[in-house]
Amino acid sequence: MTLPEGLSRRTLLVKLGIAFNAAIAAVLAVPIVRYLMSPVIHERKGGYDAWVSLGNLEQFPPGQTRFATYRNPVVNPWDGTTGDIACWVRNVDGKSFQVFAINCAHLGCPVRWFPQSSLFLCPCHGGAYYQDGSRASGPPERGLFEYGYKLESGRLFIKAEEMPTPGSACKSKNSDIVREIKPCA
Amino acid sequence: MRLIKTVVDWLGVRLPIDATIQETAGHQVPRDTASWFYVFGSAALVVFMLQIITGIMLAFIYVPSAGQAWNSLQVLNHNVTLGWFIRAMHGWGSDFMVAIVLIHMVQVFLFGAYKFPRELTWVVGILLLIVTLGMAFTGQVLRFDQDAYWGLGIGASIASRVPILGPPTVNLMLGGPIIAGATLSRFFALHVFIIPGLLISFVVVHLLMVLRLGINEWPMPGRVVRKATYIKDYHELTKRDGVPFVPGAVYKDLFFGAFIIIAIAACAIYFGPFGPSGAPDPTIIQTAPRPDYFFLWLYAVLSLLPPSMETPALLIGPVIVLAGLILLPFIFGEGEKSWRRRPIAVLTILLSAVALGTLTKLAQFAPWSPVMDAWSEIPVPSEFLQNRTALERQGALVFKLKQCHNCHSLDDQGGKRGPALDAVAVRLTPDQLIRQVIQGGGNMPAYGKNLSPAETTALVAFLETLHPAGQLPARDASRTLALDPQDGTAPASKP
């Protein structure tokens, strides 16, 4: 056996070995990537499509805007208080409602309602919204995020699952999960 | 003596690293790099080691669970012996580390140390800066309090604006649809395993490069870097005028490192640990979230940019800055090293420092944030109420009740989002005041629908009284003319 032949045989074996490892890595990568991407690949678990009750309608008198909280439909036992989410409920005229996310459409800080001036003000960068959630002034590019709602047996239900962000609300433009007030710029 | 030698010899055979140590400690460095200017890199390493130690100690107690993290910090602060001190050391160590890494970077930039053949050392340094900032941000999240909770919301809102990739990135970052247990767990993994792993590997590569390529010589005006000759020149210089790293240069690093540790401990003892602020309960909305010190400038930028500029600036700005930093050594890899011959470099540093400093300072006062309880907590100063008519006082009441005080100050009290109104009557005529209140504009909401005519009249009557004693309020000169065409002269009261 001549030397170059032996070398090429071993080189071939090394190359095969590397290819073998690469193949195994590629196969293993599938479950690993799926595991890592699980928050994105919405495998709709139970609860994702649930309607959440905000309580009896008597809590929300006509013409007023009230603070409400709910337990997020998708929670783990160790989520603690972070699973409790706040929102603003506006009873427009006793029949139609608006349910606003607590998060400012600028950077998600919690907006506060001032009934005296009928304004929502954001403590972070001073975004302001009118009572119907439309943008009044400041850095937000759009109005407050709105949840879809329904009235059933004297209670107010909303469809809430995801923290609204400027980008995510645009994504679900045609869904009733986070209803658009104004199209995103 | 003989015994020691036997032990050393025995070890030398079985643990053959003495050559490596000798090579590392004894390598020749240019004499004038044994300078107090060259201590920041090693100081950053010292602080990093402190962070590892204090971080591991915190992990003995800390519970990375959304429901318990905040409580475990309270226990650390109050129930564990010296728990507060370890927390404070870790928190202050973080601030010091970011600061020292930045100073190190400025020094390297001004001394031209990124030039040939150290381009990649600079690039790894940029990576180190990024992971250091990553540690600072993820660490702030682990202090799972109100600021951390809403800070995550801010991060998610920024990330979501990236076209197409934004929303999935947010879900990936939060580990689910909302900020909750999964979010904290993955930030814990990032802060404790992933980013420190990266940091350690980058540090090793960075140090290897510094060791193999040699410490940058003291830049002399006129001594120009050329790729063809630099390495030969450098070796000649170290041979002619070099000292061994140990002990020639290292003692300054040692003293400075120790001094920094003392400074961190002093801050920790004097100022104590950071927070935690309120519990991470998103239904408590009486909060004004603020980022940690090193992200304050960003907070300022986000409020000062016009809304339409914000998304482009947020998405393109970092790319440009990063590309600039990484390309720098490849574009300016040769030429003068001395800052005396590089005025643009010096100006860049000065401008960046002034800009960052100003933005940080501004963000500490956050004049753009409304003072959310000014309308109910702060009184109208009495000099604005004395000798006023009932209507004018009624207007002061409207001013309070309609939250004007949250955005406007009187006598320096109240919000600074809008201009101070102490002398607004001198600037604006009654018509202009009405227009501003009803229609808003600039960054002010329109109050048209929320003020009755009576309230508007009272409010403007009050605003009309807001002028210094000797100065009369502004008037529209044409108004008297239009209302009273007989009297052709300008009104006598016009200032």
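**Note on the two-chain model**

1. Start with a loop. In chain B, B:Asp411 sits in the loop between β5 (409-410) and β6 (413-414). The model is predicted, so read each point below as a feature of a prediction. B:Asp411 is not a glycine, yet its phi is positive, at about 55°. Its relative accessible area is 39%.

2. Now take the next residue. B:Asp412 also belongs to the loop between β5 and β6 of chain B. Its phi is positive too, at about 70°, and B:Asp412 is not a glycine either. Is B:Asp412 buried or exposed? It counts as exposed, with 61% relative accessibility. Why flag such angles? Most residues other than glycine have a negative phi.

3. Check the peptide bonds next. Most peptide bonds are trans. The bond joining B:Val246 and B:Pro247 is cis, with omega about 5°. B:Pro247 is placed in helix α11 of chain B. B:Pro276 lies in a loop, between α12 and α13 (296-304) of chain B.

4. Move to the second largest pocket. Its volume is about 1300 Å³. Its lining has 50 residues, and the closest to the pocket centre are B:Gly41, B:Ser42, B:His104, B:Leu207 and B:Val210.

5. Which helix gives the most to this lining? It is α9(B), with eight residues. Several helices of chain B each supply at least two lining residues, including α3 (40-59), α5 (83-110) and α9 (181-213). Helix α11 (245-248) is also one of these. Recall that B:Pro247 sits in α11.

6. What is the lining made of? It divides into 33 nonpolar, 14 polar and three charged residues.

7. Finish on the surface. A nonpolar patch there has about 950 Å² of accessible area together. Its members include A:Phe20, A:Ile24, A:Leu28 and A:Ile32 from chain A, and B:Leu172 from chain B. The largest share, seven residues, comes from helix α1 (residues 3-36) of chain A.

8. Look at one member closely. A:Ile24 lies in helix α1 of chain A. Its relative accessible area is 42%, which makes A:Ile24 partly exposed.

Key
Residues are numbered from 1 along each chain as its sequence is written. Chains are lettered from A and ligands numbered from 1 in the order in which they are written. This is a predicted model: local features need pLDDT of at least 70, side-chain atom pairs count only at pLDDT 80 or more; totals for chains, interfaces and linings use all residues. Side-chain values use heavy atoms; hydrogens and water are left out. Patches are made of residues with over 30% relative accessible area and no salt bridge: like charges are joined within 9 Å, nonpolar side chains (Val, Leu, Ile, Met, Phe, Trp, Tyr) within 5 Å. Accessible areas come from the Shrake-Rupley method with a 1.4 Å probe; for residues, only the protein chains shown count as cover. A salt bridge is a side-chain nitrogen of Lys or Arg within 4 Å of a carboxyl oxygen of Asp or Glu. Helices (H or I, at least four residues) and strands (E, at least two) are DSSP runs, numbered from the N terminus. Buried means under 20% relative accessible area, exposed over 50%, partly exposed in between (1.4 Å probe, protein chains only). On a 1 Å grid over the protein atoms alone, a cavity is a set of points where a 1.4 Å probe fits but cannot get out, and a pocket is an open set with protein on both sides within 12 Å along at least five of seven lines; lining residues have an atom within 4 Å of a point. Grid points are joined across faces, edges and corners, and a volume is the space filled by probe spheres set on the points. Ala, Val, Leu, Ile, Met, Phe, Trp, Tyr, Cys and Pro count as nonpolar, Asp, Glu, Lys and Arg as charged, and the others, Gly among them, as polar.
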